[in-house]
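Here's a quick briefing to read alongside the model. Have the viewer open and follow along.

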Amino acid sequence: MARTALVTGGSRGIGAAISKALKDAGYQVAATYAGNDEAAAKFTEETGIKTYKWNAADYDASKEGIAKVESDLGPIDVVVANAGITRDAPFHKMTPAQWKEVVDTNLTGVFNTVHPVWPGMRERGFGRVVVISSINGQKGQFGQVNYAATKAGDLGIVKSLAQEGAAKGITANAICPGYIATDMVMAVPEKVREAIIGQIPTGRLGEPEEIARCVLFLASDDAGFINGSTITANGGQFFV
Ligand SMILES: NC(=O)c1ccc[n+]([C@@H]2O[C@H](COP(=O)([O-])OP(=O)(O)OC[C@H]3O[C@@H](n4cnc5c(N)ncnc54)[C@H](OP(=O)(O)O)[C@@H]3O)[C@@H](O)[C@H]2O)c1
């Protein structure tokens, strides 16, 4: 029987590429989004992948949404915590609201997404958790104290979940993308983007599909011995 995958933020950018790759590989896929109804409707029309709207930063909404997905598609075997935002500012100008919004979405959002599916994975003796972190969680970034803190925290989550889930057939891993050509990166001024590309030895931005292929591998049975690890996919920009 086809396995079921949930991808938060799965209607645009990296998440959309992940949703499509999982569908093409035979998974039943549910993609979530926060508020861009138009993009989600277009995505469903083009791909046939069902989209669900809830705020990953809200635990009760996540729990309720996940219950609906499971009633529509069956138990979730693969969860990809991908939804993420930036609210950049140099630290001396960063507001508590900017800090909180990013922490609530990128860090607490991972808890909210994985916690409701975890008991079912334990009971069934199988699960794949993939968290989309970032190069900037590994190296830090000017203007991103909030974002870098959450993305580093995501690595702590998977390393701990890996230890808790291993005996129950569950793996938890992270992917740290470098700069990928999505709305998030295309929103930065062109001059800044050119400067970023200058720091990437491969000489280009990454493609969302290049991250999706990492997810496919981590979700597969072949990756059963990979647990608590981080795949770095950044064109050679930073080594850990
Ligand atoms: N792009 C990069 O270069 C890059 C690099 C490293 C890491 N990442 C990470 O990769 C992930 C995806 O980034 P992206 O560039 O693909 O982003 P994106 O193009 O901005 O797409 C973000 C997706 O997440 C959804 N989303 C945002 N906040 C949400 C919330 N609170 N609840 C539910 N869904 C929410 C959005 O829904 P709506 O459509 O409704 O807004 C959208 O589907 C993020 O975690 C990001 O930090 C990206």
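Alanine 5 has valine 29 in β2 as its bridge partner. Getting from β1 to β2, the chain passes through helix α1 (residues 13-24), and this β-α-β crossover is right-handed (with the strands pointing away from the viewer, the path from the first strand over the helix to the second runs clockwise). Bear in mind that this is a predicted model: local features need pLDDT of at least 70 and side-chain atom pairs pLDDT 80 or more, while totals for chains, interfaces and linings use all residues. Numbering starts from 1 along each chain as its sequence is written, and side-chain values use heavy atoms, with hydrogens and water left out.

- Helices and strands here are DSSP runs, H or I of at least four residues for helices and E of at least two for strands, numbered from the N terminus.
- β1 runs parallel to β2 (residues 28-33), and four bridges join them; two strands pair if DSSP finds at least two bridges between them.
- β1 also runs parallel to β4 (residues 78-81), this time with three bridges.
- Across that pairing, valine 7 stands opposite valine 80 in β4.

**The whole sheet**

- Seven strands make up an open sheet with parallel pairing, in the order β3-β2-β1-β4-β5-β6-β7.
- The edges belong to β3 (50-53) and β7 (230-233); each has a single partner strand, so one side of each lacks a neighbour in the sheet.
- From one strand to the next, the twist averages 20° (axes are lines fitted to C-alpha atoms, for helices over the stretch in contact, and angles run from 0 to 180 degrees between N-to-C directions).
- Strands β5 (residues 127-132) and β6 (residues 170-177) run parallel and are joined by six bridges, with valine 130 opposite asparagine 173 in β6.

**Salt bridges**

- The whole structure holds nine salt bridges (a side-chain nitrogen of Lys or Arg within 4 Å of a carboxyl oxygen of Asp or Glu).
- Aspartate 183 and arginine 12 meet in one of them, at 2.7 Å from N to O.
- That pair links distant parts of the chain, 171 residues apart: aspartate 183 sits in helix α8 (residues 183-186) and arginine 12 in the loop between β1 and α1.
- Both ends are partly exposed, aspartate 183 at 48% relative accessible area and arginine 12 at 40%.
- Glutamate 101 and arginine 87 form another, at 2.9 Å from N to O.
- Since glutamate 101 lies in helix α4 (residues 96-114) and arginine 87 in the loop between β4 and α4, the pair ties together parts 14 residues apart in sequence.
- Arginine 204 pairs with glutamate 210, their closest N and O atoms being 2.9 Å apart.
- Lys50, Lys68 and Asp72 are linked in a salt-bridge network.

**A nonpolar surface patch**

- Phe91, Trp99 and Val145 form a nonpolar patch on the surface, with about 320 Å² of accessible area together (areas come from the Shrake-Rupley method with a 1.4 Å probe, and for residues only the protein chains shown count as cover).
- Patches are made of residues with over 30% relative accessible area and no salt bridge; like charges are joined within 9 Å, nonpolar side chains (Val, Leu, Ile, Met, Phe, Trp, Tyr) within 5 Å.
- Valine 145 belongs to helix α7 (residues 145-165) and is partly exposed at 36% relative accessible area.

Technical notes: Buried < 20%, exposed > 50% of the residue type's maximum accessible area, 1.4 Å probe, protein only.
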